[in-house]
Amino acid sequence: MNQIESWLASLSNLVWGPHLLILLVGTGVFLTIRLGFIQVTRLGVGLKEAFIPKNEKPKKKQRGDISHFQALMTALAATVGTGNMVGVATAIVLGGPGAVVWMWLSGFVGMATKYAEAILAVKYRVVDERGEIAGGPMYYLEHGLKKKWLGMLFALFASVAAFGIGNGVQTNSISLALNNSFDVPMIVSGIVMMAVTAFVILGGVKSIGKVVGIFVPFMILAYVGSGLVILIMNLELVPGALSTMFSSTFSAEAIGGGALGAAIRYGVARGVFSNEAGLGSAPIAAAAAKTDFPGRQALVSMTQVLIDTLIVCSITGLTIVMGGQYTEGLEGIALTQASFAYFLGPIGEIIVTVSLVFFAYSTVLGWCYYGERSAYYLLGEKVIVPYRVLYILVAGLGAMTTNLNLIWSISDVFNGLMAIPNLIGLLFLSGVVVAETKRFELERKKETVQSAA
């Protein structure tokens, strides 16, 4: 078993090597330039579409199963997870404070990537045999790029990765956090996780969309609110923390050490783990949104990276750097807990623990939909119920086990493999993304004229 784990760890390092990180960021830079920095010029429109929807849009033109807001919350549910607390802490420990800046930079270009993913997902979505919307990289690889074999590869990788990164690893983090902070037996956490997961996911995407649409905004606001309290109460420490981050961003240590330095390597990697821009997971949720134009939902999806990386991860990173606990030998969730406790006392650790529980559980819900849609693409409707049942069982087993090294390694490999066919599709279909963007811009001009009349 140890030999298998060692082999998988080596394979994971190979998959997530500099070549993939360069491809991920490079695709984001390419799309940013080709789309005229759309994450800057149209961010306000995206936020308005997500949080202030217009009721007067013609309903007959809107296809989809869930609202713009619910699609955004489903995607955020899957991405705002342990990466926002554990991933940021790990990046700082391994890459120094400058890793946070590289996380920001990858998130900025990742907004353009996320936009392109969503616009293609909506354009090439289909109605399945149950009358529900199905879409994502597998469909735009098949119908847009005309490479069904690439779509099948993506679906295979995503359906397997969902059990690890999106499920067992998350529920294990929940049970460990509850056991360490409140002495809750892991078997109890496992049973509860199976029950609450079954209650939501057996209802399908509409059920998931309704649930995450209610509690995801509150969970993010609670964590970010606590972080903002820390920043405001210790405002004098913020300039010093930012100075430390930026001064170590382009230092010899940050850019040295081979092809990619530690700050770049872990900042970019953890940023991608957090917001999933380029992996191809979030467009599966975007495809289910009720929308009349692909460009409308794409602008909404773009805001996900802003919320996930440029807001939630920033709160974690600033708090950790301000507290200085990263020099004390702590790592992972323990570092984030210690940093919040440094400023807020014991309540700080509890806030992080409770936030981790909700963040991780929301990831379980979001990734179930991603995995299910991918499995459906490969095997059809008959696989949906068995997949959900197996997913529920893995949620419980993940919460009860004490050694997840094998699951981590397997899911890590497949998570990285997902990105390769997806990025190929984004690059070769970038012309379609530009064309759809121009088409929606014309529609927006018409809407502006009509509203002014």
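Let's start with the rings: Phe-163, Tyr-387 and Tyr-391 are joined into a cluster by ring pairs. Bear in mind that this is a predicted model. The count of aromatic pairs comes to 11.

For Tyr-139 and Tyr-377, the centres are 5.1 Å apart and the planes stand at 80 degrees, an edge-to-face arrangement. Which helices hold the two rings? Tyr-139 belongs to helix H8 (residues 137–144) and Tyr-377 to helix H18 (residues 346–379), so the pair ties together parts that lie 238 residues apart in sequence. Are these tyrosines buried or exposed? Tyr-139 has a relative accessible area of 6%, so it is buried. Tyr-377 comes in at 13% relative accessibility and counts as buried because the cut-off is under 20%.

| Charged residue | Ring | Distance to ring centre |
|---|---|---|
| Lys-123 | Tyr-124 | 5.7 Å |
| Arg-373 | Tyr-376 | 4.7 Å |

Ala-89 is part of helix H6 (residues 82–95). How accessible is Ala-89? Its relative accessibility is 0%, so Ala-89 counts as buried. What does Ala-89 touch, once neighbours within four places in sequence are left aside? The contacts are Ile-320, Gly-332, Leu-335 and Thr-336. Take Leu-335: it sits 246 residues from Ala-89 in sequence, yet the two C-alpha atoms are 6.4 Å apart in space.

Last up is a helix pair. Two packed helices are described by the angle between their axes and the distance between the axes. Helix H2 (residues 18–34) packs with helix H21 (residues 430–452) at an angle of about 35 degrees, and their axes are 11 Å apart. The crossing of H2 and H21 is right-handed. On the H2 side, Phe-30, Leu-31 and Arg-34 make the contact, while H21 brings Ser-430, Gly-431 and Val-434. Sorted by class, the contact of H2 with H21 has three nonpolar residues, two polar and one charged.

Definitions and conventions: Residues numbered from 1 in each chain as written. Predicted model: local features only at pLDDT ≥ 70, side-chain atom pairs only at ≥ 80, totals over all residues. Heavy atoms only, no water. Axes fitted to C-alpha atoms, helices over the stretch in contact; angles between N-to-C directions. Helix = DSSP H or I, 4+ residues; strand = E, 2+ residues; numbered from the N terminus. Left-handed = near helix turned anticlockwise from the far one by under 90°. Contact = heavy atoms within 4.5 Å. Nonpolar A, V, L, I, M, F, W, Y, C, P; charged D, E, K, R; others polar. Phe/Tyr/Trp six-rings, centres within 6.5 Å; stacked < 30°, edge-to-face > 60°. Buried < 20%, exposed > 50% of the residue type's maximum accessible area, 1.4 Å probe, protein only. Lys NZ or Arg CZ within 6 Å of the ring centre and 35° of its normal.
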